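Visitor: Hi! Could you walk me through this protein, one piece at a time?
Guide: Happy to. Let's start by looking at it together.
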Amino acid sequence: MQSPLSPTRPKSPWGRFDPYDFPEDQDKEYVGFATLPNQVHRKSVKKGFDFTLMVAGESGLGKSTLVNSLFLTDLYKDRKLLNAEERITQTVEITKHTVDIEEKGVKLKLTIVDTPGFGDAVNNTECWKSVADYIDQQFEQYFRDESGLNRKNIQDNRVHCCLYFISPFGHGLRPLDVEFMKALHEKVNIVPILAKADTLTPIEVKKKKFKIREEIQQYGIKIYQFPDCDSDEDEDFKQQDQELKDSIPFAVIGSNTVVEAKGKRVRGRLYPWGIVEVENSAHCDFVKLRNMLVRTHMQDLKDVTRETHYENYRAHCIQSMTRMVVKERNRNKLTRESGTDFPIPVIPSTTDTETEKLIREKDEEVQRRHSEHEPEQEHSHDEHSDRPLEPHSEPGLDPGPEPEAS
């Protein structure tokens, strides 16, 4: 039975989420700002959410399968697999797949950024440069939109998380893994993934995780750090958070195949010796990765991207623009003092090389104008020298009146 409403309080639009809908609150007077979280929630749900996830790693480590398993969708229906000969000359590409997902009235625009060709060539020197350039391009586009006139409908394509797949074959990190993560750890949240964990025994998984964590710390690689729990959090949440931290790198198995195990149908992989269940925490860390990525830390990944990585890029851009403006102002001051006063435009968004090119062009223009003025001055000097001298009287002597004509 519902409690009677206070005669001074109207019916709440929040229903069962009304923070004042308790028997002890019915006869009390409130201002009403306790519904602010509900207002924010309602507005956010109506607007929808977006999340951009990048997957990187060499071919054959199960990146596409894991993405399809995480979000229960098929993003790679039209994918073409290259043979060994084609991979030799293949360059790193950047491909985007966008899908709209809705769950219980909440809409999510998911963008998956894939990097086919990474680590597949014979010479992988700086093969991560195109990936870093793509991340910077998204930062630059957001910075331009944010600094523009129309800021209402800004499309956020910044990369919020990068799942980097580490090969299970080997002893820890390879040089390519180290160079990639060191090149990108200041630009994006990196979450290391130990791929194809079903090729390792539980003891091997434990040893390899310890080795990878040790090398990450040794080489000074900054991976995504889980936020510390608040003191008022319950013990179950603290334990879950500690398990996530201990699971780095996540040892995962991907599968889109449904098999039958112990009378029930599960997603897994069927082997001669048994079945590996993707969503079984005793078999792999797939559930932990999905919970971290979607249920518990998606908003924190977006916050770190906005408050740390993007702010670092934005501060660097503003500093570069400020130095450029000061340099141009100093140059304007020098040209005014030298007598060649003509306007030099301030270019706020050009790179250093373009600025230097413009400065060279202006210098050439100044020299050209000087060379054009010099012949004119010589010509005028010659005209003055050929002209006959006019008689002039000495100071203090009166030339007298001129004689009249008869």
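Guide: One term first: a residue is buried under 20% relative accessible area, exposed over 50% and partly exposed in between, using a 1.4 Å probe and protein chains only. By that rule lysine 196 is partly exposed, with a relative accessible area of 29%.
Visitor: Before we go on, where do the coordinates come from?
Guide: This is a predicted model, where local features need pLDDT of at least 70 and side-chain atom pairs count only at pLDDT 80 or more, while totals for chains, interfaces and linings use all residues. Residues are numbered from 1 along each chain as its sequence is written, and side-chain values use heavy atoms, leaving out hydrogens and water.
Visitor: Thanks! Back to lysine 196: where does it lie?
Guide: Lysine 196 sits in the loop between E5 and helix H6 (202-218). Helices (H or I, at least four residues) and strands (E, at least two) are DSSP runs, numbered from the N terminus. The phi of lysine 196 is near 50°, a positive value in a residue other than glycine.
Visitor: And what is phi of lysine 104?
Guide: Phi of lysine 104 is near 55°, also positive in a residue other than glycine. Lysine 104 belongs to the loop between strand E2 (95-103) and strand E3 (106-114).
Visitor: Is lysine 104 buried or exposed?
Guide: Lysine 104 counts as exposed, at 84% relative accessibility.
Visitor: New topic. How many salt bridges does the structure hold?
Guide: There are 19 salt bridges. The term means a side-chain nitrogen of Lys or Arg within 4 Å of a carboxyl oxygen of Asp or Glu.
Visitor: Which residue meets glutamate 140 in a salt bridge?
Guide: Arginine 144 does, with 3.1 Å from N to O. Both residues lie in helix H4 (residues 129-147), four residues apart, about one turn of the helix. Glutamate 140 is partly exposed at 32% relative accessibility, and arginine 144 is partly exposed at 43%.
Visitor: What about glutamate 279, which residue does it form a salt bridge with?
Guide: Glutamate 279 pairs with arginine 290, and their closest N and O atoms are 3.4 Å apart. Glutamate 279 lies in the loop between strand E9 (274-277) and helix H8 (286-296) and arginine 290 in helix H8, so the pair ties together parts that are eleven residues apart in sequence. Glutamate 279 is partly exposed, at 41%, whereas arginine 290 is buried, at 16%.
Visitor: Let's stay with H8. How do the axes of H2 and H8 cross?
Guide: The axes of helix H2 (residues 63-71) and H8 come within 11 Å and cross at roughly 65°. Axes are lines fitted to C-alpha atoms, for helices over the stretch in contact, and angles run from 0 to 180 degrees between N-to-C directions. Angles under 35 degrees count as roughly parallel, over 145 as roughly antiparallel, 65 to 115 as roughly perpendicular and the rest as oblique, so H2 and H8 are roughly perpendicular to each other.
Visitor: Who makes the contact?
Guide: From H2 come Leu66, Ser69, Leu70 and Phe71, and from H8 come Phe286, Leu289, Arg290, Leu293 and Val294. Contact here means heavy atoms within 4.5 Å.
Visitor: Last one: which residues of helix H5 are buried?
Guide: In helix H5 (residues 175-184), the buried residues are Leu176, Asp177, Val178, Phe180, Met181 and Leu184. They pack against strand E1 (49-56), H4, strand E4 (161-166) and strand E5 (190-194).
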